[in-house]
Amino acid sequence: MRNHIIVCITSLLLGGCVSIQLPGGKSTPAKDVVWTAPGSEFKELKDGVYDKAWISTKTGNTISYLSDCGTTAEPTLQQLETESLSSLNDVKITTDEGLIFNGRAARSSTASGTLDGVPVRVSLLVFKKNGCNYTLSYGGLEKQFASEERVFENFKNNFKAP
């Protein structure tokens, strides 16, 4: 039962973040992105939605990044954040701040909500750089979120967009 819930939550979290695609726009992932994979307890996921995604074998928490380059759409950082949280029900944003990341304006936020009635928590970092939109995310069950939050902080610290 626990594994079923983790798979459902992971699928919904990963599926909740999709790039904004408008007619006439062609979206491609960024090239030459530099990152360090999370720790050994995280295994790579091949989900087809994100550029890269990993799932914790201990908790089912996920870490991922998505890039979207070359579209004619120019979403704001707020729109990127809102879109990424759209799969949650009863969303409560607990932190939301503007900052500089990779030399660009960014938004960092953490939100709680439910997926299929199960309490979850998500942390996001969204920014734009050189014609690309980036979303870095970490999410999982509310009760297990804090246990691997430092892994996401390390992932962000090692992430470099071209």
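Predicted model: local features only at pLDDT ≥ 70, side-chain atom pairs only at ≥ 80, totals over all residues.
Residues are numbered from 1 along each chain as its sequence is written, and side-chain values use heavy atoms, without hydrogens or water. Local features need a pLDDT of at least 70 and side-chain atom pairs count only at pLDDT 80 or more, whereas totals for chains, interfaces and linings use all residues.

The protein has three helices and seven strands. Both are DSSP runs numbered from the N terminus: helices are H or I with at least four residues, strands are E with at least two. From the N terminus on, the order is α-β-β-β-α-β-β-β-β-α. The chain holds 162 residues, of which 48% count as buried. Buried means under 20% relative accessible area, exposed means over 50%, and partly exposed lies in between (1.4 Å probe, protein chains only). The protein exposes about 8,000 Å², and carbon and sulfur atoms supply 54% of this area. Accessible areas come from the Shrake-Rupley method with a 1.4 Å probe; for residues, only the protein chains shown count as cover. Among contacts (heavy atoms within 4.5 Å) between residues at least 6 apart in sequence, 59% join residues at least 24 apart.

A salt bridge places a side-chain nitrogen of Lys or Arg within 4 Å of a carboxyl oxygen of Asp or Glu. The count by this rule is seven.

One of these bridges pairs aspartate 96 with arginine 107, with the closest N and O atoms 2.5 Å apart. This pair links distant parts of the chain: aspartate 96 sits in strand β4 (residues 89-101) and arginine 107 in strand β5 (residues 104-115), eleven residues apart. Aspartate 96 is partly exposed, at 37% relative accessible area. Arginine 107 is buried, at 19%.

Glutamate 142 bridges to arginine 121, where the closest N and O atoms are 3.5 Å apart. Glutamate 142 lies in the loop between β7 (132-141) and α3 (149-157), and arginine 121 lies in strand β6 (residues 118-129), so the bridge ties together parts 21 residues apart in sequence. Glutamate 142 is partly exposed, with a relative accessible area of 31%. Arginine 121 is also partly exposed, at 21%.

Within helix α3, glutamate 153 and lysine 156 are three residues apart and so are separated by about one helical turn. Their side chains meet in a salt bridge of 3.1 Å, N to O. Glutamate 153 is partly exposed at 33% relative accessibility, while lysine 156 is buried at 9%. Elsewhere, salt bridges that share partners join Glu44, Lys46 and Lys52 into one network.
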